[in-house]
Amino acid sequence: MLRFLLALAALSAALLLGACAPFHRPLAAADRAGVREVDVRVVVAQESFMFSAQAPGVSAATGGGLIGALIDSSVQQSRQKEMSAEVGAIVGPLLDYDYRVEAGLAFGELLNAPNAFALKIASSQVLAGMPPKAEQDARIAATKTGPAYLVLLLQYALEPGLGAFTTRTTALLWQAGKSEPSYRSAIIFQTPIGGGTRATVLRRLTANDGRVVKAVMRDSVLQTMHVLGMDLAGARSGAVRTARFNVNGSWVTLAGHSFDEQPGRVVFRDQDGAMYSVRSTAP
């Protein structure tokens, strides 16, 4: 559990580095024309699923969820133990499934599929953390004469009640040796996984050596890269679309301007520029 919380803290800190900037900085036409190929680095700091369990009495100021419950002195110790048991019961059966492995397999599919991504992928690597600053700075500087540099900071989570699997990704692109990224975006992927009791959902996810959970992990990477590729290519927004989205265990309706059409999936951009790929058949 400690390793799980440390991974959560490390990833949150990495994502906060870009939180003060706008969600979306589109790639200018001139910059797009200057990108020949790109090295992709996917940073997945987690060792397992994030899972938040809402506790009664947790104030909005603490953000709610597991971390809020752990730091809010008003939460009773018995409730903390209950939440810990709840998290353990869900995360435990899924510890054998490594998101980094499935992400690597997904990128193998992308590398073997011509024109699967808007930019030519020169190399890809899935990392457990950001490179040291000196290495990161050197890699950015190398874009002056070499491939552009695309970093994806990715978080994955199970919504309370196991209603949905969600990934949230911050994408940053550096090119031409410039220290500031020429492109920035936020991509949210979600797919429903619920239907039945917690035990039923876990059995479905882990049956046949985790066939379903592994497929969901790979699909989240492929969909995220698809949405990212559309945006890098300058896809234009169209009609307003709505979709059901699971937030902390509750289904809400989101709306945004569509920029891609897929069977069974809604892809749109919200008013803040964040991009979503959401199942259109969600509850």
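**Close-up views of a predicted model**

**View 1. Strand S4 is covered on both of its faces.** On one side of S4, the buried residues are Ala-148, Leu-150, Leu-152, Leu-154, Tyr-156 and Leu-158. The structure shown here and in the following views is a predicted model. Because 11 of the 11 residues of S4 are buried, the strand is largely enclosed by the rest of the structure.

**View 2. Strand S4 pairs with S1 and with S5.** The pairing of S1 with S4 is parallel and runs over 6 bridges. Asp-39 is the residue that stands opposite Tyr-149 of S4. The pairing of S4 with S5 is antiparallel and comprises 10 bridges. Within S5, Thr-167 is the bridge partner of Tyr-156. S4 and S5 together form a hairpin, with 5 residues between the two strands. In the turn of this hairpin, Gly-161 has a positive phi of about 85 degrees.

**View 3. Helix H5 spans residues 99–112.** This helix contains 14 residues and reaches 20 Å from its first C-alpha to its last, close to the 20 Å expected at 1.5 Å a residue. The buried residues of H5 are Tyr-99, Arg-100, Glu-102, Ala-103, Ala-106, Phe-107 and Leu-110. Seen down the axis of H5, these buried residues fall within an arc of 160 degrees, so they line one face of the helix. They pack against strands S1 (37–43), S3 (120–127), S4 (148–158) and S5 (164–174), and against helix H7 (198–232). The N-terminal end of H5 is capped by Asp-98, which has a side-chain oxygen 2.9 Å from the backbone nitrogen of Arg-100.

**View 4. Helix H6 covers residues 133–141.** Its buried residues are Gln-136, Arg-139 and Ile-140. Viewed down the axis of H6, they fall within an arc of 100 degrees and so line one face of the helix. Strands S1, S4 and S5 are among the elements that cover the buried residues of H6.

**View 5. The largest nonpolar core has 45 residues.** Of these residues, Tyr-99, Phe-107, Leu-150, Leu-152, Phe-165 and Leu-228 touch the most other members. Two or more residues of the core come from each of S1, H5, S4, S5, strand S6 (183–192) and H7. H7 provides the largest share, with 11 residues. Leaving aside neighbours within four places in sequence, Leu-228 is in contact with Phe-117, Leu-150, Leu-152, Ala-171, Tyr-183, Ser-185 and Ile-187. Another core, of 9 residues, lies apart from the largest one and includes Ala-243, Phe-245, Phe-268 and Ala-274.

**View 6. Ser-220 is located in helix H7.** Ser-220 has a relative accessibility of 0% and therefore counts as buried. When neighbours within four places in sequence are left aside, its contacts are Tyr-99, Phe-165, Thr-167 and Phe-189.

**View 7. Gln-125 lies in strand S3.** The relative accessible area of Gln-125 is 40%, so this residue is partly exposed. Not counting residues up to four places away in sequence, Gln-125 touches Val-40, Arg-41 and Val-42. Gln-125 and Arg-100 are 25 residues apart in sequence, and their C-alpha atoms are 9.5 Å apart in space.

**View 8. Ser-258 belongs to strand S8, which comprises residues 250–262.** At 7% relative accessibility, Ser-258 counts as buried. A polar atom of the Ser-258 side chain lies 3.3 Å from the backbone oxygen of Asp-260. The backbone oxygen of Val-267 is 3.5 Å from a polar atom of the Ser-258 side chain. Leaving aside neighbours within four places in sequence, Ser-258 is in contact with Arg-236, Ser-237, Gly-238, Ala-239, Arg-241, Val-267 and Phe-268.

**View 9. The chain as a whole contains 7 helices and 10 strands.** Of its 283 residues, 47% are buried.

Definitions and conventions:
Residues are numbered from 1 along each chain as its sequence is written. This is a predicted model: local features need pLDDT of at least 70, side-chain atom pairs count only at pLDDT 80 or more; totals for chains, interfaces and linings use all residues. Side-chain values use heavy atoms; hydrogens and water are left out. Helices (H or I, at least four residues) and strands (E, at least two) are DSSP runs, numbered from the N terminus. The expected span of a helix is 1.5 Å times one less than its number of residues. Buried means under 20% relative accessible area, exposed over 50%, partly exposed in between (1.4 Å probe, protein chains only). The arc is that of the directions from the helix axis to the C-beta atoms. Contact means heavy atoms within 4.5 Å. A polar contact is a pair of N or O atoms within 3.5 Å; within protein, one must be able to donate a hydrogen and the other to accept it, and residues adjacent in sequence count only if both atoms are side-chain atoms. Two strands pair if DSSP finds at least two bridges between them. A nonpolar core is a set of buried Ala, Val, Leu, Ile, Met, Phe, Trp, Tyr and Cys residues joined through side-chain atoms within 4.5 Å.
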